[in-house]
Amino acid sequence: MKKFNCIMLVDDDETCNYISEKIISKLNLSSHTHIVKNGREALNFIEENCTKSNNNFTICPDLILLDINMPVMDGIEFLEELYNNKNIEKLYTNSVSIYILSSSDNPSDMKKVSKYNIKGYLSKPITVDKIIAISDK
């Protein structure tokens, strides 16, 4: 099972984050787990830690579990900004594994995220089996 340096949970659902964090911890999948409540917080964290000017790569997420429906900035807006942000290196966006973790099964949501480098689409809640499947890829 692959271990990640840092996993970022991007979700406004505290219960989902709690469950995800407990499973990640139980499986010892990551040295760091960082939780943010919307896409804006996630982008700010990435800009502060994963750019050439601030290359604190020890806490730079190499796995992101991203919800779609959130306040402030939703998951689709986050992806658009992440892939079009001039401060974030293309090297980073090509190396990070992003999985959508959402309760939405709307086909239009799936179509919107398909143009980005998304590794998979998982329905909530995360389970041990789902996270092990991610870590085995």
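Modeller: Buried means under 20% relative accessible area, exposed means over 50%, and partly exposed lies in between (1.4 Å probe, protein chains only). This is a predicted model, where local features need pLDDT of at least 70 and side-chain atom pairs count only at pLDDT 80 or more, while totals for chains, interfaces and linings use all residues. Residues are numbered from 1 along each chain as its sequence is written, and side-chain values use heavy atoms, with hydrogens and water left out.

Colleague: Is Cys16 buried or exposed?

Modeller: Cys16 has a relative accessible area of 6%, so Cys16 is buried. Cys6 is buried too, at 1%.

Colleague: How many disulfides does the structure hold?

Modeller: A disulfide is a pair of cysteine sulfur atoms within 2.5 Å. The structure holds 1. Cys50 and Cys60 form it, with sulfur atoms 2.1 Å apart. The torsion about their S-S bond is about 130 degrees, so this disulfide is right-handed. Both Cys50 and Cys60 sit in the loop between H2 and S3, so the pair ties together parts 10 residues apart in sequence. Helices (H or I, at least four residues) and strands (E, at least two) are DSSP runs, numbered from the N terminus. Cys50 and Cys60 are both buried.

Colleague: Which residues have the most contacts inside the largest nonpolar core?

Modeller: A nonpolar core is a set of buried Ala, Val, Leu, Ile, Met, Phe, Trp, Tyr and Cys residues joined through side-chain atoms within 4.5 Å. The largest one here has 26 residues. Ile46, Ile64, Leu66, Phe78 and Leu79 have the most contacts inside it. The elements giving two or more residues to this core include helix H2 (39–49), strand S3 (63–66) and helix H3 (75–84). H3 gives the largest share, 5 residues.

Colleague: What does Phe78 touch?

Modeller: Contact means heavy atoms within 4.5 Å. Leaving out residues up to four places away in sequence, Phe78 touches Gly39, Ala42, Leu43, Ile46, Ile64, Leu66 and Met73. A second, separate core has 16 residues, including Phe4, Tyr99, Leu122 and Ile126.

Colleague: Where is Val72, and what is its phi?

Modeller: Val72 lies in the loop between S3 and H3. Its phi is near 70 degrees, a positive value in a residue other than glycine. Val72 has 67% relative accessibility, so Val72 counts as exposed.

Colleague: Which peptide bond is cis?

Modeller: The bond from Lys124 to Pro125, with omega near -5 degrees. Pro125 is in the loop between strand S5 (118–123) and helix H6 (128–135).
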